[in-house]
Every structure is written in structure tokens, then in C-alpha cells.
Amino acid sequence: MEEKQFELNDVVEMKKPHPCGTNRWKIIRLGMDIRIKCEGCGHSVMLPRREFAKKMKKVLTESGE
């Protein structure tokens, strides 16, 4: 299985939508843990890198860095 590629400020789609109804998340911190922010309501969540990679579906827009 190939490793998913993502960087800081990428907008990603997760497998399950957020309760607010949107499925777009922006990566705002990278490290051992990854913090993502909901594009709909602004709620942020921190996940371990392995769990994030499992729950992420695809990268929607790249940061352009």
C-alpha cells in the first residue's frame, strides 16, 4: 500500500463527514500528531499521524509550496 502524500496547508477530504455537514479539512500542524481544521465550522482536531493517514480519503487542494 502506498503512503499518502500531504503537506501543511493542504485541504483534504476525510472518509467520514464532520457533524456540521462539510467534509473539507485544512492541515494546520504537522508532526507526530496532525492538527486539522474544519473548513465549515472552524473546529480543530488533533490526530496521531497513523490514524490520520487511515481516515484521510484524498487531498483536494495542495498548498502550492
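1. By class, 7 nonpolar, 1 polar and 3 charged residues make up the lining of the largest pocket. Here Ala, Val, Leu, Ile, Met, Phe, Trp, Tyr, Cys and Pro are taken as nonpolar, Asp, Glu, Lys and Arg as charged, and the others, Gly among them, as polar. The lining residues are Met14, Lys15, Lys16, Pro17, His18, Pro19, Trp25, Ile36, Val45, Leu47 and Lys55. The space in this pocket is about 230 Å³. A pocket is an open set of points on a 1 Å grid over the protein atoms alone, where a 1.4 Å probe fits, with protein on both sides within 12 Å along at least five of seven lines; lining residues have an atom within 4 Å of a point. Points are joined across faces, edges and corners, and the volume is the space filled by probe spheres set on them.

2. On the basis of the values: the model is predicted, local features need pLDDT of at least 70, side-chain atom pairs count only at pLDDT 80 or more, and totals for chains, interfaces and linings use all residues. Residues are numbered from 1 along each chain as its sequence is written, and side-chain values use heavy atoms, with hydrogens and water left out.

3. Met14, one of the pocket-lining residues, lies in strand S1; strands (E, at least two residues) and helices (H or I, at least four) are DSSP runs numbered from the N terminus. Met14 is buried at 6% relative accessibility, where buried means under 20% relative accessible area, exposed over 50% and partly exposed in between (1.4 Å probe, protein chains only). Beyond four places in sequence, Met14 is in contact (heavy atoms within 4.5 Å) with Asn23, Trp25, Ile36, Leu47, Phe52, Lys55, Met56 and Lys57.

4. Asn23 sits in the loop between S1 and strand S2 (24–29) and is buried, with a relative accessible area of 18%. Its side chain reaches the backbone oxygen of Met14 at 2.9 Å. Apart from neighbours within four places in sequence, Asn23 contacts Val12, Glu13, Met14, Lys16 and Pro17.

5. Thr22 is also in the loop between S1 and S2, and counts as buried at 18% relative accessibility. With neighbours within four places in sequence set aside, Thr22 is in contact with Pro17, Cys38 and Gly40.

6. Which aromatic pair does the structure hold? A search of the whole structure finds 1. The ring centres of Phe6 and Phe52 are 5.0 Å apart and the planes are at 80 degrees, so the pair is edge-to-face. Rings of Phe, Tyr and Trp (its six-membered ring) pair if their centres lie within 6.5 Å; planes under 30 degrees apart are stacked, over 60 edge-to-face and the rest tilted. The pair links distant parts of the chain, 46 residues apart: Phe6 is in the segment before S1 (11–14) and Phe52 in helix H1 (residues 49–55). Phe6 is buried at 11%, and Phe52 is buried at 0% relative accessibility.

7. Lys4 belongs to the segment before S1 and is partly exposed, with a relative accessible area of 25%. Not counting residues up to four places away in sequence, Lys4 touches Ala53, Lys54 and Met56.

8. Asn9, in the segment before S1, has a positive phi, near 70 degrees, and is not glycine. Most residues other than glycine have a negative phi. Asn9 is partly exposed at 32% relative accessibility.

Methods. A polar contact is a pair of N or O atoms within 3.5 Å; within protein, one must be able to donate a hydrogen and the other to accept it, and residues adjacent in sequence count only if both atoms are side-chain atoms.
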